Amino acid sequence: MEEKKNIKEVALKTICQEAEAVANVKNSINNDFIHVVEKILISKGRVIVTGIGKSANIGQKIVATLNSTGTPSIFMHAADAIHGDLGIIRDEDIVLCISKSGETPEIKVLIPLIKMRENMLVAMVGNSSSYLAIQSDYILDVTVDKEACPNNLAPTTSTTVQLVMGDALAMALLQSRGFTAQDFAKFHPGGALGKKMYLKVSDIYARNEVPEVAMKDNIRTVIIEISSKRLGATAVLENRELKGFITDGDLRRMMESEKSVAHLTAEEIMTVNPKSVDEDTLVIDALQLMRKNSITQMPVLKDGKYAGIIHLHDILKEGIL
């Protein structure tokens, strides 16, 4: 029991220390931060993010966030940079160097090379009097009092603060660019948000069978059509016009209420004027219509004519909820 208590105490202490450090980082949102955002906004180049060790790991995440929110960025490992990767940097690029100490050997070798190229250099550094800080054009101060590590060694609090500063930078740029959800979707076409913004009914319903019966078809024909096409429903047509819709739920309710069903036709079973959706409708809008009416499938229309059925399962398979 005592051991479990100690585990919990260590975890809570870690969270509290990091939360306090994150709260303090707001004091670093100063004129340098504003100038960095303004310079990136008017730059015709990219943001080259570099670092070493755990700072490099954080740098890769910052690059991913910047790219996904409209700021072209590339990660360049500091050690690789001094062995050939320095060629990644172009004249108009802005270099963001992340380091806790600002004094690591690789950083000290790299900085003069960047300065020689005359690229703007931004330091995200935890020591404002370090070599990196002194050589930089702007400083994003990520100083922390101590690491959450009991030995004050393992990068914990420092990397969390770096990550938060990177997010603050990305969100400031996003806001300044007027970056919208539609813009975000363009960079995430395979994600759920992207699909919500562009995926249309026509993109998914065409994979399905196209069940249909005539108005005067008997119940046996209706059941066979619904069963064989495996969509739990069928359209009822007359001269290619959609007249009604029958689901397996309709069949169950009808069989529960009627003593004899053999004589029934599709016309007597169907729902007249069913909810339908045009094939050019966004899938997310079709889903909302299904939810509003508590239905799991709908007929799809193309140029006003019945073209098939979209099922809730089709939408869920795309990861749209």
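Which residues are buried in helix α5? Before I answer, a word on the source. This is a predicted model, in which local features need pLDDT of at least 70 and side-chain atom pairs count only at pLDDT 80 or more, while totals for chains, interfaces and linings use all residues. Residues are numbered from 1 along each chain as its sequence is written, and side-chain values use heavy atoms, with hydrogens and water left out.

Now to helix α5, residues 105-117. Helices here are DSSP runs of H or I with at least four residues, strands are runs of E with at least two, and both are numbered from the N terminus. The buried residues of α5 are I107, L110, I111 and I114. Buried means under 20% relative accessible area, exposed over 50%, and partly exposed in between, with a 1.4 Å probe and protein chains only. Seen down the axis of α5, the buried residues fall within an arc of 110°, so they line one face of the helix. The arc is that of the directions from the helix axis to the C-beta atoms. An α-helix has 3.6 residues a turn, so residues three or four places apart point the same way. Exposed residues P105 and M116 sit on the face of α5 turned away from its buried side.

What do the buried residues of α5 pack against? Their partners are β1 (47-51), β2 (73-77), α4 (78-81), β3 (94-99), β4 (120-125) and α6 (131-135), where contact means heavy atoms within 4.5 Å. After α5 comes E118, with a positive phi near 70°.

Let us turn to a pair of helices. Helix α2 (residues 31-42) packs with helix α7 (residues 157-177) at an angle of about 50°, and their axes are 10 Å apart. Axes are lines fitted to C-alpha atoms, for helices over the stretch in contact, and angles run from 0 to 180 degrees between N-to-C directions. That angle makes α2 oblique to α7; under 35 degrees counts as roughly parallel, over 145 as roughly antiparallel, 65 to 115 as roughly perpendicular and the rest as oblique. On the α2 side, F33, V36, V37, I40 and L41 take part, meeting M165, A168, L169, A172, L173, S176 and R177 in α7.

Finally, consider a loop residue. N208 lies between α9 (192-198) and β6 (212-214). Is N208 buried or exposed? At 18% relative accessibility, N208 counts as buried. Leaving aside residues up to four places away in sequence, N208 touches L231, I309, I310, H311 and D314.
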